[in-house]
Amino acid sequence: MMFEVYLSRQAKKFLEKLDEDTRERIKEKLRLLADNPFALPYKKIKGRENTYRIRVGDYRIIYSVRGHEIRILKIDKRERVYDRL
């Protein structure tokens, strides 16, 4: 079962600013999310319904799952990603 992955404007802008190697590592994780959002090691975000995070080195991808849609809410460094979530 394939999921549709949608990136927020903020997530797209952040990806564009990253170096090529890091961008490709994150894109690979996004492709794996499209196959199954719960196959990768993920953690539930406390206090948020259907919201999870996965780790890619020092970066975090915050996403929500609804039906067959995955919404990438935020991609950022670990120390900043939870600010104003």
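Is Asn50 buried, partly exposed or exposed? At 28% relative accessibility, Asn50 falls in the partly exposed class (buried is under 20% relative accessible area, exposed is over 50%, and partly exposed is in between, with a 1.4 Å probe and protein chains only). This is a predicted model, where local features need pLDDT of at least 70 and side-chain atom pairs count only at pLDDT 80 or more, while totals for chains, interfaces and linings use all residues. Residues are numbered from 1 along each chain as its sequence is written, and side-chain values use heavy atoms, with hydrogens and water left out.

Asn50 sits in the loop between E2 and E3 (strands, E, are DSSP runs of at least two residues, and helices, H or I, of at least four, both numbered from the N terminus).

Next comes Thr51, which belongs to strand E3. Thr51 is buried, its relative accessible area being 2%. A polar atom of the Thr51 side chain lies 3.1 Å from the backbone oxygen of Glu49. With neighbours within four places in sequence set aside, Thr51 is in contact with Lys43, Lys44, Ile45, Ile62, Tyr63, Ser64 and Leu73 (contact means heavy atoms within 4.5 Å).

Now for the sheet. It is open, has 5 strands in the order E1-E5-E4-E3-E2, and its pairing is mixed (two strands pair if DSSP finds at least two bridges between them). Strand E1 (4-7) and strand E2 (42-44) are the edge strands, each with a single partner, so one side of each has no neighbour in the sheet. From one strand to the next, the twist averages 30 degrees (axes are lines fitted to C-alpha atoms, for helices over the stretch in contact, and angles run from 0 to 180 degrees between N-to-C directions). Strands E4 (residues 59-66) and E5 (residues 69-77) pair antiparallel over 8 bridges, and Arg66 stands opposite Glu69 in E5.

Leaving out neighbours within four places in sequence, Val5 is in contact with Leu30, Ala34, Ile70 and Ile72. Val5 and Asp35 are 30 residues apart in sequence, and their C-alpha atoms are 9.9 Å apart in space.

As for the helices, H1 (residues 9-17) lies across E1, E4 and E5, at about 50 degrees to E5. Helix H2 (residues 20-35) has 16 residues, which should span 22 Å at 1.5 Å a residue, and its end C-alpha atoms are 23 Å apart, which agrees (the expected span is 1.5 Å times one less than the number of residues). Thr22, Arg23, Ile26, Leu30, Leu33 and Ala34 are the buried residues in H2. They cover an arc of only 125 degrees around the axis, so they are on the same side of H2 (the arc is that of the directions from the helix axis to the C-beta atoms). The buried residues of H2 pack against E1, H1, strand E3 (51-56), E4 and E5.

One of those buried H2 residues is Arg23, with a relative accessible area of 17%. The Arg23 side chain makes a polar contact with the side chain of Glu20 (2.9 Å); such a contact is a pair of N or O atoms within 3.5 Å, where within protein one must be able to donate a hydrogen and the other to accept it, and residues adjacent in sequence count only if both atoms are side-chain atoms. Beyond its neighbours within four places in sequence, Arg23 is in contact with Leu15, Glu16 and Leu18.
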